[in-house]
Amino acid sequence: MINRRHIRVKVMQSVYAMTHAQSDNLVKEEKFLRSSIDKMYDLYVLSLDMIVRVNQLAENTLEASKKKFLATKEELNPNRKFINNKAVQLLKESTSLQNYLEETKLNNWYLDSSYVNNMYKKLLESDLYKNYMAEEETSFKKDKQFLIHFFEEFIAPDEKIAEYYEGENISWVDDIPFVNTWIVKTLQELKAEKPFVLGKMYKNADDEAFVSDLFKKVVLNLSKLEEEVADKTPNWELDRIADVDMILIKMAICEFLKFPSIPVKATINEYLEIAKDYSTEKSSVFINGVLDKTWKDFDKNGRLKKIGRGML
């Protein structure tokens, strides 16, 4: 499921796009933001489906080999350990996964089967596969471990698949690392004999509401937030501050003032981490200095009104 940090990243990207396009259509931009997050769930499902498709290709290949006119003994009695992998079977038999694929018409790996073929070929040639197939002992734990390694070592870092995703949806470029982590966590949580059910996009209703709340409160208060930044950076001309840095500072200040249940430290830590990934090398130091000065000034002047867990 999406976490608060990635929600902030999505909001940052939408605010950046909106300001650079000089758009004032809040409804349209919020709809685009929501769509971007919803599409991330498609990426999550497609990544799971790649595992299923590779396994299905392995089975189809073995069945075809058995029907050869001069099939070898090995082809007639193949090693089915990967095909029967218990962790994969949970994904293949998942009603929620199959329903989602059908309802959203996510038939990418049928239309672009070359990616599945390439992945299967890479797997067959790997020591990971050879060692797994050669091991006589079998268990759900070992099956799951193999599946996790398969995803981490082959699917997740595959550049061709990453390029394909980028071509399908430009917003997926920034979502891939997050979704890959999400997939690994999903595989780790698989339980023997317990049907696999797709998880929800959001942890709870508060996180879902946070998307719109943060976006709207930042966009509707951009001018006021800019004044706050100018007041805290008297030795800087605002146009010298990197665009992404400015947006991150505004978003953090917005959280200081308009989200009483979010702790100051949590806000600062989240935006510093985002700055490390999306801005310049020195940005996090600059942003930390501005935000530290800002929240202390707000606190001193009684403008920082935190409640509940926001007081931590």
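A salt bridge here is a side-chain nitrogen of Lys or Arg within 4 Å of a carboxyl oxygen of Asp or Glu. With that in hand, take Lys92 and Glu59, whose side chains meet in a salt bridge at 3.4 Å, N to O. Keep in mind that this is a predicted model. Its pLDDT averages 93 over the protein, and 96% of the residues score at least 70.

- Where pLDDT is low, the predicted coordinates should not be read in detail.

**Salt bridges**

- Searching the whole structure turns up 20 salt bridges.
- Side chains of opposite charge can pair when their charged atoms come close.
- Back to the opening pair, Lys92 and Glu59: this one ties together distant parts of the chain, with Lys92 in helix H4 (residues 86-92) and Glu59 in helix H2 (residues 26-66), 33 residues apart.
- Glu59 has a relative accessibility of 22%, so it counts as partly exposed.
- Asp158 and Lys122 form another salt bridge, and their closest N and O atoms are 2.7 Å apart. That pair also links distant parts of the chain: Asp158 is in the loop between H9 and helix H10 (159-168), Lys122 is in helix H7 (residues 114-124), and 36 residues separate them.
- Lys142 pairs with Glu135 in a salt bridge, the closest N and O atoms being 3.3 Å apart. Lys142 is partly exposed, with a relative accessible area of 26%, and Glu135 is partly exposed too, at 33%.
- There's also a network: salt bridges link Glu228, Asp231, Lys232, Asp297 and Arg303.

**A buried glutamate, Glu255**

- Look for Glu255 in helix H14 (residues 243-258).
- Its relative accessible area is 0%, so Glu255 is buried.
- The Glu255 side chain makes a polar contact with the side chain of Thr267, at 2.8 Å.
- Leaving aside residues up to four places away in sequence, Glu255 touches Arg8, Phe210, Leu214, Ile262, Thr267, Tyr271 and Lys306.

**An exposed glutamate, Glu136**

- Glu136 is in the loop between helix H8 (127-134) and H9.
- With a relative accessible area of 79%, Glu136 is exposed; the cut-off for that label is over 50%.
- Glu136 and Lys81 are 55 residues apart in sequence, yet their C-alpha atoms are 9.3 Å apart in space.

**The two faces of helix H5**

- In H5 (residues 95-103), the buried residues are Leu97, Tyr100 and Leu101. They cover an arc of only 100 degrees around the axis, and therefore lie on the same side of H5.
- Turn to the face pointing away from that buried side and you'll find the exposed residues Thr95, Glu102 and Glu103.
- After H5 comes Lys105, which has a positive phi, near 55 degrees.

Terms used:
Residues are numbered from 1 along each chain as its sequence is written. This is a predicted model: local features need pLDDT of at least 70, side-chain atom pairs count only at pLDDT 80 or more; totals for chains, interfaces and linings use all residues. Side-chain values use heavy atoms; hydrogens and water are left out. Helices (H or I, at least four residues) and strands (E, at least two) are DSSP runs, numbered from the N terminus. Buried means under 20% relative accessible area, exposed over 50%, partly exposed in between (1.4 Å probe, protein chains only). A polar contact is a pair of N or O atoms within 3.5 Å; within protein, one must be able to donate a hydrogen and the other to accept it, and residues adjacent in sequence count only if both atoms are side-chain atoms. Contact means heavy atoms within 4.5 Å. The arc is that of the directions from the helix axis to the C-beta atoms. pLDDT is the predictor's confidence in each residue, from 0 to 100.
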